[in-house]
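Reader: I am new to reading protein models. Could you take me through one, feature by feature?

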Protein chains: 2
Amino acid sequence: MSPDVVKHSLGGKKVLIVYAHQEPRSLNGSLKDVAVAELSQQGCTVTVSDLYAMNFEPRATGKDITGTLSNPDFFNYGVETHKAYEKRSLSSDIIEEQKKLQEADLVIFQFPLYWFSVPAVLKGWMDRVLCQGFAFDFPGSYDDGFLKGKLAILSLTTGGTASMFSKTGVNGDFRYFLWPLQHGTLHFCGFKVLAPQISFGPEMASEEERKRMVPSWAQRLKTVWEEEPIPCSPPWYFGQ
Amino acid sequence: MSPDVVKHSLGGKKVLIVYAHQEPRSLNGSLKDVAVAELSQQGCTVTVSDLYAMNFEPRATGKDITGTLSNPDFFNYGVETHKAYEKRSLSSDIIEEQKKLQEADLVIFQFPLYWFSVPAVLKGWMDRVLCQGFAFDFPGSYDDGFLKGKLAILSLTTGGTASMFSKTGVNGDFRYFLWPLQHGTLHFCGFKVLAPQISFGPEMASEEERKRMVPSWAQRLKTVWEEEPIPCSPPWYFGQ
């Protein structure tokens with residue numbers, strides 16, 4: 001068996017990395033690069049949505065619907081994008097991201113924490129791409145969300161240290177801020193969520209600690225397909 | 001004493017409403033309008049930042065710094081905007097919002113909940129306007145944040161009903177999703193946070209319930225200056 005065949009039998013998965021950092025040589029850039037390298041090495045097909053480089057539009061507006069609106073006299077973004085999804089009349093940048101997402105087995109979100117959440121450019125990706133009809137419907141949310149069968153990981157860097165993001169730290173437990181993203185967004189759309197990869201306080205860390213952040217992410221990705229999802233319910237986030 | 005003098009002695013406060021809805025005739029639009037009317041009636045000076053109408057930029061990029069970058073070879077958004085704030089070389093749209101915020105005694109954020117959080121256009125307002133040096137520093141966060149002395153209220157509409165946003169509901173308690181916004185952002189910058197005004201599930205509510213949402217907000221605003229802030233610590237959010 002040739003090495004190529006081995007690779008494919010171990011890999012063959014599709015991964016989408018949604019990446020939100022302005023500087024290619026940043027830690028976020030390195031974490032993205034090493035994920036591309038490691039997963040490609042496994043035989044995965046890796047696609048990157050580099051949101052700043054794409055100048056991705058974050059605002060949810062009427063421009064997201066091509067052609068006529070269902071109700072031009074009273075604009076309802078949720079209703080209009082739901083109908084546009086069904087009529088295949090969403091704007092091309094949204095359709096493009098939905099295609100990448102539809103094909104992915106695993107989605108990695110790589111970003112620096114801004115205000116206990118994702119940067120606005122990534123929030124806009126969530127607001128616009130995960131529309132009703134595509135990512136969920138009623139019924140069709142949480143365990144029945146339309147993206148079920150897919151895995152997701154938040155890989156993020158923080159300003160504060162791990163102790164600042166503990167139950168007794170000034171920022172509270174890091175799991176608290178994960179709730180809207182992991183439960184309210186990813187779980188809502190049906191994703192199984194793997195443990196977050198949090199690179200705490202690189203700007204406050206020692207050179208040695210900082211240097212370990214990239215290879216330890218690469219190391220984790222070697223066995224990522226064997227991981228069990230976290231239990232996505234309140235006790236994981238807020239329990240003792 | 002003329003009615004005008006009475007108004008000023010009762011009012012005279014400055015209020016900034018940061019408003020993020022695309023449709024003026026929406027419930028969010030009505031809640032914004034009634035707040036402007038009621039607070040103006042009290043003698044307050046009310047300013048509205050209508051983010052979609054302004055086509056407010058949500059992306060945090062090098063364009064936010066006018067003139068030369070401190071380190072053009074390695075772009076660090078936090079570092080560059082901090083320095084630009086001190087050199088008064090932030091982009092004019094950020095400076096404009098910072099002026100409005102600096103003058104305000106009370107800031108009301110009026111928005112529909114998108115993915116358990118603010119719409120990207122409002123997240124971008126937070127990411128870009130609340131920069132280091134202006135809204136906080138180290139030291140200078142949480143109770144010592146630079147916006148201390150100001151009050152803030154989140155006034156939001158949700159898709160789900162109140163029971164869906166309860167401890168045993170599918171979405172978990174509404175207080176869980178408030179943590180990154182109220183604690184991680186507003187409290188971090190020194191704001192005292194008043195109770196959120198949540199208009200639950202207007203699209204699922206009866207006509208009668210929906211009709212009550214606007215006047216009940218106006219009613220609350222009549223005595224808003226007498227309200228006590230919520231205790232902004234984990235027990236309020238995650239306690240039993």
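This is a predicted model: local features need pLDDT of at least 70, side-chain atom pairs count only at pLDDT 80 or more; totals for chains, interfaces and linings use all residues.

Reader: How do the axes of α2(A) and α7(A) cross?

Author: Start with the terms. Helices (H or I, at least four residues) and strands (E, at least two) are DSSP runs, numbered from the N terminus. Axes are lines fitted to C-alpha atoms, for helices over the stretch in contact, and angles run from 0 to 180 degrees between N-to-C directions. Now the case. Helix α2 of chain A spans residues 27-41, and helix α7 of chain A spans residues 207-222. Their axes come within 9 Å and cross at roughly 30°. The pair α2(A) and α7(A) is therefore roughly parallel. (Under 35 degrees counts as roughly parallel, over 145 as roughly antiparallel, 65 to 115 as roughly perpendicular and the rest as oblique.)

Reader: Which residues of α2(A) and α7(A) meet?

Author: Contact means heavy atoms within 4.5 Å. On the α2(A) side, the residues include Leu27(A), Leu31(A) and Val34(A). On the α7(A) side, Met213(A), Trp217(A) and Leu221(A) are among them. By class, this contact of α2(A) with α7(A) has ten nonpolar, one polar and two charged residues. (Ala, Val, Leu, Ile, Met, Phe, Trp, Tyr, Cys and Pro count as nonpolar, Asp, Glu, Lys and Arg as charged, and the others, Gly among them, as polar.)

Reader: Is Lys32(A) buried or exposed?

Author: Buried means under 20% relative accessible area, exposed over 50%, partly exposed in between (1.4 Å probe, protein chains only). Lys32(A) lies in helix α2 of chain A. Its relative accessibility is 14%, so Lys32(A) counts as buried. Leaving out residues up to four places away in sequence, Lys32(A) touches Ile17(A), Tyr19(A), Val48(A) and Gln110(A).

Reader: How many residues are in contact between chain A and chain B?

Author: In chain A, 48 residues are in contact with 48 residues of chain B. Buried area is the accessible area (1.4 Å probe) that two parts lose on being put together, summed over both. Here it is about 4100 Å², with 61% from carbon and sulfur atoms. Arg59(A), Trp115(A) and Lys123(A) supply 21% of the area that chain A buries against chain B, more than any other three residues.

Reader: How do α5(A) and α5(B) cross?

Author: Each helix covers residues 120-129 of its chain. The axes come within 8 Å and cross at roughly 170°. That makes α5(A) roughly antiparallel to α5(B). Lys123(A) and Asp127(A) are among the contact residues, as are Lys123(B) and Asp127(B).

Reader: What should I look for in the backbone?

Author: Most residues other than glycine have a negative phi, and most peptide bonds are trans. Now the exceptions here. The peptide bond from Phe138(A) to Pro139(A) is cis, with omega near 0°. A cis peptide bond also joins Phe138(B) and Pro139(B). Phe116(A) has a positive phi, near 60°. Phe116(A) counts as buried, at 5% relative accessibility. Arg88(B) has a positive phi of about 55°. Arg88(B) is exposed, with a relative accessible area of 71%.

Definitions and conventions. Residues are numbered from 1 along each chain as its sequence is written. Chains are lettered from A and ligands numbered from 1 in the order in which they are written. Side-chain values use heavy atoms; hydrogens and water are left out.
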